[in-house]
Amino acid sequence: MTASEKPFKGLIASGWHTASLMMRIFVSSYWNEDASLGGPGADELRWLSPVRPGDMLSAKITVVEARKSRSKPDRGIVTISIEMSRNDGDIVMTMKTTAMLRSRLS
């Protein structure tokens with residue numbers, strides 16, 4: 001059976017491949033490796049539309065909440081919303097994540 005005979009009517013990227021591309025954009029464009037202290041994981045990961053060969057992808061990263069850690073005042077906790085879209089404007093993936101960052105102010 002060829003890709004054109006399958007449900008998506010052609011070749012598409014794996015959702016995890018799309019997520020890895022989002023992480024590449026996120027780390028190279030937004031993340032500060034000196035401040036990052038990791039995070040507990042990702043929430044609400046959704047693949048909304050297939051990504052096909054030749055699609056150009058971009059990410060919109062929004063800080064939804066930022067607060068100081070109550071138990072460790074040298075760090076902050078940031079909730080981030082990410083939308084990944086392709087060149088035609090369709091959103092292909094969304095995700096929320098929480099990260100811990102070194103705080104500049106103690």
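Figure 1. The 15 positive and 11 negative charges of the chain have mean positions that lie 5 Å apart. The model is predicted. Along the principal axes, the C-alpha trace spans about 60 × 20 × 20 Å.

**Figure 2. Surface and contacts of the chain.** Buried residues make up 23% of the 106 in the chain. Among contacts with a separation of 6 or more, 65% are between residues 24 or more positions apart.

**Figure 3. The aromatic pair of Trp16 and Trp47.** One aromatic pair is found in a search of the whole structure. The ring centres of Trp16 and Trp47 are 5.1 Å apart and the ring planes meet at 75°, so the pair is edge-to-face; the cut-off for that class is over 60 degrees. Trp16 belongs to helix α1 (residues 15-29) and Trp47 to strand β1 (residues 41-47), so the pair ties together parts that are 31 residues apart in sequence. Trp16 counts as exposed because its relative accessibility is 61%, and the cut-off for exposed is over 50%. Trp47 has a relative accessibility of 39% and therefore counts as partly exposed.

**Figure 4. Backbone of strand β1 at Glu44.** Glu44 lies in strand β1. Its phi is positive, at about 55°, although Glu44 is not a glycine. Most residues other than glycine have a negative phi. With a relative accessibility of 47%, Glu44 counts as partly exposed.

Figure 5. The loop between α1 and β1 contains Leu37. At 28% relative accessibility, this residue counts as partly exposed. Leu37 and Leu101 are 64 residues apart in sequence, yet their C-alpha atoms are 5.3 Å apart in space. Neighbours within four places in sequence aside, the contacts of Leu37 are Arg75, Met100, Leu101 and Arg102.

Figure 6. Asp74 is placed in the loop that runs between β2 (57-68) and β3 (75-86). Its relative accessibility is 38%, so Asp74 counts as partly exposed. When residues up to four places away in sequence are not counted, Asp74 touches Leu101, Arg102 and Ser103. The C-alpha atoms of Asp74 and Ser103 are separated by 5.4 Å, while the two residues are 29 apart along the chain. Leu101 and Arg102 are also among the contacts of Leu37.

Figure 7. Arg86 is part of strand β3. Its relative accessible area is 11%, so Arg86 is buried; the cut-off for buried is under 20%. Beyond its neighbours within four places in sequence, Arg86 is in contact with Ser49, Pro50, Asp55, Met56, Leu57 and Val92.

Technical notes
Residues numbered from 1 in each chain as written. Predicted model: local features only at pLDDT ≥ 70, side-chain atom pairs only at ≥ 80, totals over all residues. Heavy atoms only, no water. Buried < 20%, exposed > 50% of the residue type's maximum accessible area, 1.4 Å probe, protein only. Contact = heavy atoms within 4.5 Å. Lys, Arg positive; Asp, Glu negative; His and termini not counted. Charge placed at Lys NZ, Arg CZ, Asp CG, Glu CD. Phe/Tyr/Trp six-rings, centres within 6.5 Å; stacked < 30°, edge-to-face > 60°. Helix = DSSP H or I, 4+ residues; strand = E, 2+ residues; numbered from the N terminus.
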